[in-house]
Amino acid sequence: MRRTDLNYLVIALLVGGSLYLLLSGLMMDAMGLHRFAFHAQVGYAWVALAVVHLLFSWGRLLAYWRHRLRPHPHRDRSGQLPEPQEQVPEPRRRRWLVSILSGAGGFILGRLFPGQRAVDLTESVTDVGQFYHQWSRIGAGKALGMLLTPGGQPEPYKTYPQAEQIDLPRPYGEQGLSLELAIETRRSRRDYTDAALSLSHLSHLLHLGQGLTSPDRELRAVPSAGALYPLEVYAVVHRVEGLPAGIYHYAVRNHKLERLRAGDFRAAIVTAGLGQDFLAQASVCFVISAIWQRTRWKYRERTYRYVLMEAGHLGQNLYLAATSLGLGAVAVGAFFDEALNHLLELDGIEEAALYLVSVGQIATESQKFGGR
């Protein structure tokens, strides 16, 4: 193989490596991926190939710069260059090389990012969830389309400036069960006593649910795709010491409660919860909602997957925190969406209720280790 042919091969590899780095970089940014297959290795190889190409072309580069820096020998007395002569047709070999490289680039892209069969709505789809799962799969076409989808990033914190602000006790210092024992003994508890929950326990539950655990970096107790934190927590309070019954919003940034509505909402939460009476017997019912755009602006069609995952993480945090404090908890997914959204004054579109977790005092040791 001649030196010129080898140089063209190096150029072809550089072009392919550049395309791979560009597309994989776009996918990493669009999907929040921290790594992509062979991305770093291709980067190192690209630098090595660039050095080889520079060595092969060193003579041409020196000649070019000598030509640019020296006075042109063909300038006339006025300093002007003569009229350019007719362009020499491009050699046939170079045209063939460009065609081959273009075809090779298309072949490589096709191999790297194979197409996906579109899901046809006219097919016999009986499960909407299954259709969504297929539709939201990651693919190259999705990645590029995601970059063009409009919609900006909203504020990361929701606040009610006109609401009464209620300070919560510091959530640190109280030691409960070990993590291992809390996981072993966690059960769903639906039978509660009439005893009130302490404000300290409520503060502890909210903080361990999704409170700020690294305030300087604004990271929370719950894992979140891209650290975007789309979830909000509302507390429908029935019996908490020193806190009137009502509906409250958890202000994460300053660890406070914002009172939205005062009153007894036990009947309303039971009605929204398909008549499940234990929702009224609990000391507090946490409602987890999602502000979709917080995740949608970055993850587009993957949004619903990621938000539901995060709601599960938050629910488990509340389960384990309640178990560690000797309290009972149960997660509820069966409720009338419109009724629960109406209770919290949510529009159900931009922000919607996803999950209920009731917490209360349990009576006996046998109750603490029973259930499922």
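Predicted model: local features only at pLDDT ≥ 70, side-chain atom pairs only at ≥ 80, totals over all residues.
Local features need pLDDT of at least 70 and side-chain atom pairs count only at pLDDT 80 or more, while totals for chains, interfaces and linings use all residues. Residues are numbered from 1 along each chain as its sequence is written, and side-chain values use heavy atoms, with hydrogens and water left out.

The protein has 14 helices and 9 strands; these are DSSP runs numbered from the N terminus, with at least four residues (H or I) for a helix and at least two (E) for a strand. Of its 372 residues, 38% are buried, meaning under 20% relative accessible area, whereas exposed means over 50% and partly exposed lies in between (1.4 Å probe, protein chains only). A contact means heavy atoms within 4.5 Å. Among contacts between residues at least 6 apart in sequence, 76% join residues at least 24 apart.

Next come the aromatic rings. Rings of Phe, Tyr and Trp (its six-membered ring) pair if their centres lie within 6.5 Å; planes under 30 degrees apart count as stacked, over 60 as edge-to-face and the rest as tilted. This rule gives 3 aromatic pairs. The ring centres of Y132 and Y304 are 5.9 Å apart and the planes stand at 80°, so this pair is edge-to-face. The pair links distant parts of the chain, since Y132 is in helix 5 (residues 128–135) and Y304 in helix 12 (residues 303–324), 172 residues apart. Y304 is partly exposed, at 39% relative accessible area. Y299 and Y306 are also edge-to-face, because their ring centres are 5.0 Å apart and their planes are at 85°. Y299 is buried, at 4% relative accessibility, and Y306 is buried at 17%. Y132, W292 and Y304 form one aromatic cluster.

Helix 13 covers residues 337–344, and its buried residues are L340, N341, L343 and L344. Why do the buried residues count as lining one face of helix 13? Seen down the axis, they fall within an arc of 155°, so they line one face of the helix; the arc is that of the directions from the helix axis to the C-beta atoms. The face turned away from this buried side carries the exposed residues E338 and H342. The buried residues of helix 13 pack against several elements, including strand 4 (231–237), helix 9 (266–272) and strand 9 (351–361). After helix 13 comes E345, whose phi is positive, near 60°.
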